[in-house]
Amino acid sequence: MAEKSSFFTSLNGDRKYKSSDFAEYFSAFIGNGVFPNPWSNLLVTSNNDMTITLNEGKAWINGYMYHNDEKINLTVDTADGVLKRIDSVVIRLDLANREIKAHIKKGVPASYPIASELVRSGAMYEICVAQIEVNKGAISITGTNISDTRL
């Protein structure tokens with residue numbers, strides 16, 4: 001299709017639009033990321049145990065909107081007894097399941113750990129809002145273990 005126009009009033013059902021049409025429209029002028037105002041949007045904080053809290057907030061991924069309207073507690077997997085790892089708190093667009101949800105993406109234990117690669121394929125796209133350093137033998141996550149990556 002060489003030319004495309006959209007979002008005209010339907011007359012007798014002649015105009016049908018899909019969610020991907022709207023996502024394509026919004027992605028033309030709204031980039032991927034977290035809404036910056038207020039500053040606490042999707043901020044990740046420690047609960048001083050093996051859970052973290054994701055604040056309320058909004059984000060955009062490839063033209064699709066994520067809206068979290070209440071704090072969410074997420075559980076960090078048990079620490080390795082010998083090696084550290086870096087987990088990532090991601091907001092994941094999953095087109096196959098038609099959803100955007102928050103997840104903790106578990107890193108690989110290592111002497112010098114690095115965060116797992118973000119998935120950015122056609123059907124799935126992740127943005128990282130925080131990284132969590134999970135020390136060997138840790139029984140809690142503190143604020144100093146969390147790096148803010150929202151911007």
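Residues are numbered from 1 along each chain as its sequence is written, and side-chain values use heavy atoms, with hydrogens and water left out. In this predicted model, local features need pLDDT of at least 70 and side-chain atom pairs count only at pLDDT 80 or more, whereas totals for chains, interfaces and linings use all residues.

Strands of a sheet pair through backbone hydrogen bonds, in either a parallel or an antiparallel manner. Strands here are DSSP runs of E with at least two residues, numbered from the N terminus, and two strands are taken to pair if DSSP finds at least two bridges between them. An open sheet of 3 strands shows the order β1-β4-β5 with antiparallel pairing. Its edge strands are β1 (33–34) and β5 (64–68), each of which pairs on one side only. Strand β4 (residues 57–61) is joined to β1 in the antiparallel sense over 2 bridges, and Gly33 stands opposite Trp60 in β4.

Attention now turns to strand β9. Of the 11 residues of β9 (residues 124–134), 8 are buried, so this strand is largely enclosed by the rest of the structure. Buried means under 20% relative accessible area, exposed means over 50%, and partly exposed lies in between (1.4 Å probe, protein chains only). Strand β7 (residues 85–94) pairs with β9 in the antiparallel sense over 10 bridges; within these two strands, Val89 stands opposite Ala130 in β9. Strand β10 (residues 146–148) also runs antiparallel to β9, joined by 3 bridges, and here Ile132 stands opposite Ile146 in β10.

Ala123 lies in the loop between β8 (99–105) and β9. Its relative accessible area is 40%, so Ala123 is partly exposed. Leaving aside residues up to four places away in sequence, Ala123 touches Leu93, Asp94, Leu95 and Ala96, where contact means heavy atoms within 4.5 Å. The C-alpha atoms of Ala123 and Asn97 are separated by 9.2 Å, the two residues being 26 residues apart along the chain.

Arg150 is placed in the segment after β10. With a relative accessible area of 15%, Arg150 is buried. The side chain of Arg150 reaches the backbone oxygen of Asn41 at 2.7 Å, and a polar contact of 2.8 Å joins the side chains of Arg150 and Asp148. A polar contact is a pair of N or O atoms within 3.5 Å; within protein, one must be able to donate a hydrogen and the other to accept it, and residues adjacent in sequence count only if both atoms are side-chain atoms. Not counting residues up to four places away in sequence, Arg150 touches several residues, including Val34, Trp39, Cys128 and Val129.

Methods. Helices (H or I, at least four residues) and strands (E, at least two) are DSSP runs, numbered from the N terminus.
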